[in-house]
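Colleague: I would like to learn how to read strand pairing and helix packing. Could we take one case and go through it slowly?

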Amino acid sequence: MTGMTKTPVLDIDRTLLGSRILVCCGSGGVGKTTTAAALALRGAELGRRTVVLTIDPARRLAQSMGLTELDNTPRPVEGLTGGGALDAMMLDMKRTFDQLVVDHAEPGKADAILANPFYQALSSSFAGTQEYMAMEKLSQLVSTGAYDLVVVDTPPTRSALDFLDAPQRLTTFLDGRMVRILLAPAKAGGKVYLRAVTAGLNVFTNVLTRIIGADVLVDLSQFVASLETMFGGFRERAQATYDLLKAPGTAFVVVAAPERDALREAAYFVERLAAERMPLAGLVVNRVHRSAAASLTAERSLAAAEALDERADSPLASAVLRLHADRVALATREARLQERFSRAHPGVPVVEVAAQPGDVHDLAGLRSVGDDLAGGRQAAVPAVPA
Amino acid sequence: MADFPGVRLHVVSGKGGTGKTTVAAALALALAGGGGRVLLLEVEGRQGIAQLFDVPPLPYLEKSVAVAPGGGEVYALAVDPEEALLDYLHMFYKLSPSGIPARTLRRMGAIDFATTIAPGMRDVLLTGKVKESVIRKRRDGRPVYDAVVLDAPPTGRIARFLNISQEVSGLTKVGPIKNQSEGVMAVLRSPQTAVHLVTLLEEMPVQETLDAVDELRSVHLPVGAVFVNAVRTPLLAPADLKAAESGALDTTALAAGLEKAGLDAPESLVAALAGEAADHASRVSLEERGRDALAGLARPTYELPLLPDAVDLGGLYALAQSLQEQGIA
């Protein structure tokens, strides 16, 4: 790529062979889940026992791995070449959370927590729960010892990196004034609601009771009280996961498309990871347009097309020339955007994956994305039948 | 409003990366054309509207961001759940945002707490503000805004976001929150509302659009139009497209044409160009399949052209004009 000579190239095979955990992050609509699956397949075909944890894969991606549906249990993917193995699964946020509660609640308390309406809301839709549970599942997968490589997809939002804040957030939450207020009635046996509070608090609880109703307040305070007993365990686990992510053997891959918004998000991820001292392997730029005839510039191509149109001659050649002009212009624009990224973030290794007209439909398609990720090298020589 | 008479709340959703913010903004401009007063809302704290209109980040204030052709005006607001709660307390409990109770709530971190721990609550506040801006009246009884356009959460979350009474019912069976959510739901399910979906002619966005329509219908939310964004005009003639797709493009004619245009036409160049034509052709046929699938929805469909550069203000006006020409407003 012109002008990008100094940008290092991301060596995917080295990353796949040298990591135990690979985390893919990026904004929505850039092909992140497909990239995660392609990386996992390549890792497996390089000989590693691999599992890929996806967040919300399209049905077609599951099908491309020969699985009708993905769920919370790793399922083996058939049809691999090379000596490794690949399992695929999809995060079930609620089940993972439920299991966490069962593991950490005081004996006999788990059922009450699982039945609490606030727990149900929290476990199925709390912004950030998904990110947190993805990391919980990740550490579970690592601790099984069954895998050499765990590839994780993350939710397609900026908050995908929220798990980095999990230990801190839990602490802030637990020590927050609101939690203490809500714990008060539970600690007083639920009979007297904040009898010994200040005038300011009285105003506050009156308002709260008026707005959300007394029954909700009781549910909420019971929920917070029951959660409190588990917080210690939660906090420890969150810290352990955080440490795991920073440990040698973990690598982050940021995924983007060569578009302004996607690269802006990628820059955010790169900066955030650097601030947390998390190990960044590099940037994958998906859906890059290239031209095999780039020596014919967009301007010359368009001028030639216009010359033909004026004479009403060779409509086929004219159309093909216009097509080529569009494509070269697009490739140039994409290159400029990437260059801007690399100038702001020199030293971040980059690899490009060419745009395909359609989506990936099968293992072969996924494998070819993997080859592209490795700069065109094939991962494994198909076994020769005896 | 030609295609959606009586609709005053236009909710715009779509898969991530399909350009829903752009379409929402273009729709607001189109609806304001000819003298309307339109409010454009965002609820995800991304400040996407400000970036698009090239203005500083929006404060919690309905601010004019653009004048539409024909004298209309587009106002914008980034709805913030915390501010929306204070608004709500002010309106229904006569609590001044600067009064002691509101200040206490803030100081306690109660607002933050309420909007984080119970996400249903957060959505009630956001949609509550949307509803309020739709029904708000002037002194003479006419609505303040002729139309409200909501840049909504993406398709994966849209049905859940709008179907708040379901979200809230698990938390509270009676009381003010329940009443509030039912009031919002009544507006969202009324003929005043249309939920539009933005897609690209690519497999995954089309599939998500089909899924979202099913989901919205199953919770009785009114599905509006489909906006097909970033549409390219096919450059090759139909017969050439067909030939190119099967790798049978007339390369002799292509080479002859290139030479007539004064270009050197070595075999390598001809082959490379034929390859590009083949890519284009398979993309066009993929797009056709997407179009067919979307046609099955039997919803009004608008196509927006692919803009050569990233969308700027000029591009936004061009898209708005295209929507007007297609009869949306």
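Colleague: Which residue in E5(A) does Cys24(A) stand opposite?

Modeller: Keep in mind that this is a predicted model. Strands of a sheet pair through backbone hydrogen bonds, either parallel or antiparallel. Here Cys24(A) stands opposite Asp153(A) in E5(A). The two strands, E1 (residues 21-25) and E5 (residues 149-153) of chain A, run parallel and are joined by four bridges.

Colleague: Which strands does E2(A) pair with in the parallel sense?

Modeller: E2(A) pairs with E4(A) over six bridges, and with E5(A) over four bridges. Arg49(A) stands opposite Ala85(A) in E4(A), while Leu53(A) has Val152(A) in E5(A) as its bridge partner. As for cover, five of the six residues of E2(A) are buried.

Colleague: What is the order of strands in the open sheet?

Modeller: The eight strands in chain A follow the order E3-E4-E2-E5-E1-E6-E7-E8, with mixed pairing. Strand E3 (75-76) and strand E8 (350-354) of chain A are the edge strands, each pairing on one side only. Helix H2 (residues 32-45) of chain A packs on this sheet, and its direction makes about 170° with that of E2(A).

Colleague: At what angle do the axes of H14(A) and H12(B) cross?

Modeller: They cross at roughly 80° and come within 8 Å. An angle of 65 to 115 degrees counts as roughly perpendicular, so H14(A) and H12(B) are roughly perpendicular to each other. Residues making the contact include Leu316(A) and Val320(A) of H14(A), and Leu254(B) and Gly257(B) of H12(B). By class, the contact has six nonpolar, two polar and no charged residues.

Key:
Residues are numbered from 1 along each chain as its sequence is written. Chains are lettered from A and ligands numbered from 1 in the order in which they are written. This is a predicted model: local features need pLDDT of at least 70, side-chain atom pairs count only at pLDDT 80 or more; totals for chains, interfaces and linings use all residues. Two strands pair if DSSP finds at least two bridges between them. Two residues are in contact if their C-beta atoms, placed from the backbone, lie within 7 Å. Axes are lines fitted to C-alpha atoms, for helices over the stretch in contact, and angles run from 0 to 180 degrees between N-to-C directions. Angles under 35 degrees count as roughly parallel, over 145 as roughly antiparallel, 65 to 115 as roughly perpendicular and the rest as oblique. Ala, Val, Leu, Ile, Met, Phe, Trp, Tyr, Cys and Pro count as nonpolar, Asp, Glu, Lys and Arg as charged, and the others, Gly among them, as polar. A residue is buried if 20 or more other C-beta atoms lie within 10 Å of its own, exposed if 12 or fewer, and partly exposed in between; C-beta atoms are placed from the backbone.
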